[in-house]
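Dear colleague,

Please find below the structure I wished to pass on to you. My findings follow it, and I would be grateful if you could read them alongside the coordinates.

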Amino acid sequence: MRAVPRSSAFRNGGVSYWFRDAGLPEQRAALPGDADYDVCIVGAGYTGLWTAYYLKKARPDLRVAVLERRFAGYGASGRNGGWLSAEFAGSKRRYAASHGKGGVVALQRAMMDSVDEVVSVAAEEGVDADIVKGGMRLVATNPAQKSRLHAEVAELHAWGYWPEDLYLLDPCGEPRLQVDGAVAAAYSPHAARVHPAKLVLGLAAAAEALGVDIFEGTAVTDIRGRDESSRPRAVTGLGTVRADYVIRATEGFTASLQGQRRQWLPMNSSMIATEPLSDVMWRHIGWDRAEVLGDVAHAYCYAQRTADGRIAIGGRGVPYRFGSGHDADGATPPQTIAELWRVLARLFPVASEVPIAHAWSGVLGVPRDWCPAVGLDPATGLGWAGGYVGSGVTAANLAGRTLRDLVLGERSELTRLPWVGRRVRGWEPEPLRWVGTHMVHGLHRGADRRESGCVSGSRTSRLAGIAGRLAGK
């Protein structure tokens, strides 16, 4: 940490910079005791809140409750990189195996539509989340990354992207964004920068205004389906909520529920945010369109220019804690902070002396096959959505609208998408999943080092291939 310039007001953890900027909310009342609802949603992140919002918009008479362990947005929804993008995690070929190529194309177009849906609803509800739809720029900083970026653009054109949806940039014909060492770049208009905490706080307020009951400080320990003696229910230490449907929207915290420890892996991701850059620095860098920025390294980074002129950049630090553990309010290891600062300094040398104001971490949900899913079992009355593997800001909105249709029993274009009803086996028991996760992380790091040193030339390092096979991608 001695090499990392830190602000005198530097903070590590405290949930995230986003909540430091927006202000931590006053916690809502906890569940007062046993209760009965039409729909009970566990988790007040984007997925749970979008589901509640759309259900009440469609059926104002529905009694909808949301149960949250801490406060709305405490998890990944209030800690992410603010990428509202059409990128969708998971193997397209796996989805196509059950629904054909047309189903995958429909899913990709639905993600593009969801970007505009979030922007539109935020405007309608008066949610000021610093949204700028400037698109997404991906950069390559060595020959291997350049080859991979070209191949990725060609592959996505085969899976639902039109040429205008994603294309390689002409460095002389696009708004300037000075990334040091960039040898190639691609651009998609289907993305927007958002302030994650402002978005989730505004969404919670909009859902509450529609009549959704949000109970905070209410930890759910178990979710049980319908049986001969009882309706579906969410069990807490403060009481049990019974409902016709119980929806699990817990993403990276799913492992804390009884019987769910191996369902989704809580993968850690970390971020840092600088102090505001000077006007001179911004004139050097450019970034006037405020597009979100990422690279195509195996241990990739993601970044945005914030509304108040900072650079917020993230990536994988410690990828996984033994036993599906979580951080304490976003606290981040010093080594991870230093690694992220080195990425910042490499991409933007002019900003390397700007003090770091904040560092934080969070967890995202990863299914064993790395494919997000949404579903509802009418027999048990239990629904679920998540496993977004980093694409959750947009995918959560699509999931919320899909769960609305599933709960209301409506067949729609959304309920026919290939991620609906998908199930996958759980992760391996410990210590196998800890060992495996850290091996994959190390191989990706090794692959990046080889490629940056041009050891592999313009080819992707073989270490990355080994990592992919171990991960089961």
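How far apart are the end C-alpha atoms of helix H3 (residues 92-124), and what would a straight helix reach at 1.5 Å a residue? Helix H3 has 33 residues, yet its end C-alpha atoms are only 33 Å apart, whereas a straight helix would reach 48 Å. Please bear in mind here, and throughout, that the model is predicted. H3 contains a kink of about 120 degrees, and this kink is centred on His-99. Beyond the helix, Gly-126 follows H3 with a positive phi, near 70 degrees.

How many residues of H7 are buried? The count is 10 of 14, and the helix is thus mostly covered. Among the buried residues of H7 are Trp-341, Leu-340, Leu-344 and Leu-347, and the list also includes Thr-336 and Glu-339. The cover over the buried residues of H7 includes several strands, namely E1 (6-12), E13 (265-274), E15 (301-305), E16 (311-315) and E17 (356-366), together with helix H9 (432-452).

One residue towards the end of the numbering may also be of use to you. Ile-466 is part of helix H10 (residues 462-471). Is Ile-466 buried, exposed or partly exposed? Its relative accessibility is 35%, and the residue therefore counts as partly exposed, since that class lies between the 20% and 50% cut-offs. In sequence, Ile-466 and Ala-297 are 169 residues apart; in space, their C-alpha atoms are 15 Å apart.

As to the chain as a whole, there are 10 helices and 19 strands. The radius of gyration is 21 Å, close to the 23 Å that the globule rule gives for 473 residues, so the chain is as compact as a globular protein of that length. Along the principal axes, the C-alpha atoms fill a box of roughly 65 × 50 × 45 Å. Of the 473 residues, 58% count as buried. Among contacts with a separation of 6 or more, 79% are accounted for by residues 24 or more positions apart. Finally, the accessible surface of the chain comes to about 18500 Å², and carbon and sulfur atoms hold 52% of that area.

With kind regards

Technical notes:
Residues are numbered from 1 along each chain as its sequence is written. This is a predicted model: local features need pLDDT of at least 70, side-chain atom pairs count only at pLDDT 80 or more; totals for chains, interfaces and linings use all residues. Side-chain values use heavy atoms; hydrogens and water are left out. Buried means under 20% relative accessible area, exposed over 50%, partly exposed in between (1.4 Å probe, protein chains only). Helices (H or I, at least four residues) and strands (E, at least two) are DSSP runs, numbered from the N terminus. Contact means heavy atoms within 4.5 Å. The expected span of a helix is 1.5 Å times one less than its number of residues. The bend at a residue is the angle between axes fitted to the seven residues ending there and the seven starting there. The radius of gyration is taken over C-alpha atoms; the globule rule is 2.2 Å times the number of residues to the power 0.38. Accessible areas come from the Shrake-Rupley method with a 1.4 Å probe; for residues, only the protein chains shown count as cover.
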